[in-house]
Protein chains: 2
Amino acid sequence: MASTSYRPAAISLDADALRRYLDGPYREVRELTRRILSQPEHAPVQGLPTDEYRELVLERMRMLAAEGQTGMGFPVEYGGGGDVGASIAAFETLAHGDLSLLVKCGVQFGLWGGALLHLGTKRHHDLYLEQTIRADLPGCFAMTEIGHGSDVQSLGTTATYDPKTDEFVINTPDRAATKHYIGNAAVHGRIAAVFAQLIVGTEKPGVHAFIVPLRDADGTPLPGVTIEDCGEKIGLNGVDNGMLSFDHVRIPREALLNRYADVTPEGVYESDIENPNRRFFTMIGTLIQGRVCVGGAAGNAAKNALTIAVRHGLKRRQFGPPGGESETLLLDYRTHQRRLLPLLAKSYALHFAQEEVAAKLHVAFSGGEFSERDQRELESYAAGLKAITTWHATETIQQSREACGGFGYLAENRFAALKADTDVFTTFEGDNWILYQLVAKGLLTDYKDQFASMDQPALVRFVAGQVVETVVEKSLARQLIGALVDVLPASDDERELRDRGYQGELLRWREEHILASVARRLKSGIDNGFDPFRVFNFCQDHVIHTARAHVERKVFDAFVAGIDRCEDPQLKEALGQLCDLYALSTIEADRGWYLEHGRLTTQRSKRITTEVNLLCMDVREQARELVDAFGIPDEVLAAPIALP
Amino acid sequence: MASTSYRPAAISLDADALRRYLDGPYREVRELTRRILSQPEHAPVQGLPTDEYRELVLERMRMLAAEGQTGMGFPVEYGGGGDVGASIAAFETLAHGDLSLLVKCGVQFGLWGGALLHLGTKRHHDLYLEQTIRADLPGCFAMTEIGHGSDVQSLGTTATYDPKTDEFVINTPDRAATKHYIGNAAVHGRIAAVFAQLIVGTEKPGVHAFIVPLRDADGTPLPGVTIEDCGEKIGLNGVDNGMLSFDHVRIPREALLNRYADVTPEGVYESDIENPNRRFFTMIGTLIQGRVCVGGAAGNAAKNALTIAVRHGLKRRQFGPPGGESETLLLDYRTHQRRLLPLLAKSYALHFAQEEVAAKLHVAFSGGEFSERDQRELESYAAGLKAITTWHATETIQQSREACGGFGYLAENRFAALKADTDVFTTFEGDNWILYQLVAKGLLTDYKDQFASMDQPALVRFVAGQVVETVVEKSLARQLIGALVDVLPASDDERELRDRGYQGELLRWREEHILASVARRLKSGIDNGFDPFRVFNFCQDHVIHTARAHVERKVFDAFVAGIDRCEDPQLKEALGQLCDLYALSTIEADRGWYLEHGRLTTQRSKRITTEVNLLCMDVREQARELVDAFGIPDEVLAAPIALP
């Protein structure tokens, strides 16, 4: 068996052709980014003292800015490229390299630049955008506080309008309201978008964003601004995270980022969006790009790990048949295939989903046809994909490290940085558990207007009162059909496990069944007189399962669409095998649920396990080409065990 | 709901009493170790340059040695304590503190000292043991090579006997034979136990260990010895791992560690153990203590993480019922309970299993009654427990980090070190996948003489030829009984899920069923004429499942025994809840398998999920006491989010 295959290699796969297909419409942007990262100035660094590392990352960010690499998503009139899709592609590709640089760029151009662009108006753009794009004005996105991370509506910082001087007074009332974890704040930031509770006279219309200068030209904090360093983190130590607090700092009235709401000189609050919840979530919604970018970056970081582990598994031999000429390649062992190849398949699946969500975002931000409902669905998709992809990255990097044994533990082989730097991806830009709840809310309310703004009790009441007649019954109807198909005695034998239609049916059936059942549970809790908050909490694990089932199905659909678009029969076949492996290993992982709900017979469930094993053997034959097609240059990958 | 409990707290738990019970017979040793670690000299350090960190760790190791802390397992006549059990308890407890110090001690006293003690004879003990115990003679355990880690029998280093000079010539023939990852080698090691292929004339009797001096009194490498630094690792950077190669280095004949084999001055090889495989595995078997110690250390590292995350979850509030007085504690959310509390229960289960394996090892090493078969079962138990516990640590630390959100990402909160330092535990002292295969081999051969030495094809042939009539049929018989119980229509309703006898039955049934079925598959592969190596590889995932089911059941039995021994009714009740949670969440995680094999009905499977949720709510009421009972002093825990 050893290195020769026991099943004929059916596919002769051209890694370059596959790379070009994966690169998609933004191939040139991706190639440019890879070329830049391959230069010696961007070589991975290890063990730099934090101070030096932070300066190096700033310098590298400026080098990227000088190449026009970081402004692609900003308007042309301010020196940008005017192409949101290109900016996402560029950002994602940066994730093959140093992740501190990636996150520093995310803070500067995505968060600070994004707040300026999307929440501000022309007066803010004129003042700051050009310098921001050139990285000459390092800025912060000061939202999170010590006391509140995920629950942004409960922030404690205040911005009180003083009509006498036409100013806002920014204030940190207590330690819990100190801005925390703010990237760019500890050393480099000169200015910040500060999120604070607006107070206008007796009115408190909720959280708004304000531009607040932090440091003077020498880097000295301005009067009333206190800056602390967050110190060492698990990873990303090239990013200078800090804490900010404000002691009655006065800023002009015009410093309110006033795209969605404004205050007149007379102290009258004005907004086109009357409902304060809805207003808040409209503002927050513009930050969707951050989630799309983090998801894409996590996906590419996982590809680094898989490339290293798969190449190592195709070089390293251990044990083997007695008397055999050589030992057996690691990747020829079943458990090794099982550990890595379903994750490789999922990486491909997530790649196509990421391409899809980025394309939708491009349309939404480029003034394409996009209804409000489309916008809500997009926010939900971005949230769900961010969660599934960042968890995938954590798992894949860990498995890949273990699959490389002791070699994986040496810092030179890159897992040290990959593990440490990506670990917070599951937490920042929305904690994954909160994001999955957001996804489930969308499903349970059928993306009703401003579903995101509903708190848990409101959601439960909404579901109990309204939706059971619409979403749920629609789902139940489909479910009945599904159940009928299922009880046909021949159904198990007649459908091929590699039939993509059948796979999709299984994934969709699960999604709808769980959705209907969680809706029924929420409704019955209310009907039985329980407190809605408590009802929600009792169903929380079920709610999370709803979201996961939905996102896994969306990812499958995106993969299928990506295969359908492909015109090269060999690529199509290779991608098809990966898609089968993604679908069947996803179903296998939840086969307990399918069996519990009578959707799989025990025989069929076992057959899925057998089929996953066979698919691993098939995919193993193209494993080298499949990781090479990720297109990560050797200089960027930089792990000795993965190089020739 | 918020912070008040929705179910009456049934148990008033005394954390101190529980700590004393957990500490068991070696309470004083554990308390001494905790006191030492609480001293300011042992305070956690962050961000030290590697050189300084290595020196600090050496100094701290010498401080421990001066306290008599590290010699407990060595013979009294050489200045040791003569108590193996005490040495394990002390080592485990060290794992609450800096893990580089733990591993440095493991290398010096466990590996180098252990090789000297168990593979050497009086002449070696007289020369080196006393200095070793005092940490005055830093030593190395030079087994792993670049080319071979897990497959020790294939090492490339040679030791050729030269009868003319009565010496062995130690040589590294090629780069692949370079000793790799050797702790203490890069800077401090003065001497090493080197594992090499012995060559005596034309005879090649396999791998043996030799004492080879590495550096002179000034620290300069001796002639013929080349030492390289392994460089930065993911973690454990206070341990100086290095590479060693030997260019025809001559050592006296007496430097062979000759407990199991010797060479006469005339060049005659002599051993009481004729079979070379069996001899090799007898030598390796003496190293079992390392696995027991790593398992115990991993378990305690996981307790650190849980203590931090549970305490944080009982302080941190986010969101909450509208109009409520305060937000809800994280640990009152179902998903938060689900993430942490089954892991807490498993930590308790593993604690009792660890206590059991350490006690058996103590008996075995203290000349107690211990048959050869007992020895083999103990080796298997130690291997399996090391695997399950180190994976548990990886998972628990990751979940705990995520459960602390951004706070968990700050280095001061300890997860940086916990994650990085423990990551290699799944790899060293036997890669977990290899260890699980060893466990399965023991089961498949019913611990036949030297089962460990069988390679995969030999195992397959053995199973096919002999065992199906014994182990398997015995299993099948029990299985039939199980199946009969199972088909009784009332069985599902009659058994309480919290009935410990029923839980044990489910776990045992799974173990025996999988064992029988993998044996049948191996046999049928041979009967159908397939190559045994290939047959084994096809079943490898199934083999791993066999081991996991076995180890999970052993852990359950150890937990039950620990509860049975307990005389305090309140502790007993609290431990009982945890045991229910461990058992049912273990079964829930494999419910797909139970359903596939008709052992659970779909209704019962769903009820298990419900019961796990309820148990999480019960355990949550004692969560604070349950982590406090781990007894980790605040000075050692040192994470600000976990302190008052």
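Predicted model: local features only at pLDDT ≥ 70, side-chain atom pairs only at ≥ 80, totals over all residues.
I started with residues 52–134 of chain A: the end C-alpha atoms sit 22 Å apart, and the span is 71% helix and 0% strand (helices are DSSP runs of H or I, at least four residues; strands are E, at least two; both numbered from the N terminus). UniProt lists this stretch as "domain: Acyl-CoA dehydrogenase/oxidase N-terminal", from an unreviewed entry, and such annotations may be inferred rather than shown by experiment.

Residues are numbered from 1 along each chain as its sequence is written, chains are lettered from A in the order written, and side-chain values use heavy atoms, without hydrogens and water.

Next I looked up α1(A) (residues 15–23) and α9(A) (residues 334–365): their axes come within 10 Å and cross at roughly 40° (axes are lines fitted to C-alpha atoms over the stretch in contact; angles run from 0 to 180 degrees between N-to-C directions). Leu18(A), Tyr21(A) and Leu22(A) touch Tyr348(A), His351(A), Phe352(A) and Glu355(A) there (contact means heavy atoms within 4.5 Å).

Then the core: the largest nonpolar one has 417 residues, and Phe210(A), Tyr348(A), Phe210(B) and Tyr348(B) have the most contacts inside it. A core here is a set of buried Ala, Val, Leu, Ile, Met, Phe, Trp, Tyr and Cys joined through side-chain atoms within 4.5 Å; buried is under 20% relative accessible area, with a 1.4 Å probe and protein chains only.

I also checked Tyr348(B): beyond four places in sequence, its contacts include Leu18(B), Leu22(B) and Phe559(B).

Methods
Buried < 20%, exposed > 50% of the residue type's maximum accessible area, 1.4 Å probe, protein only.
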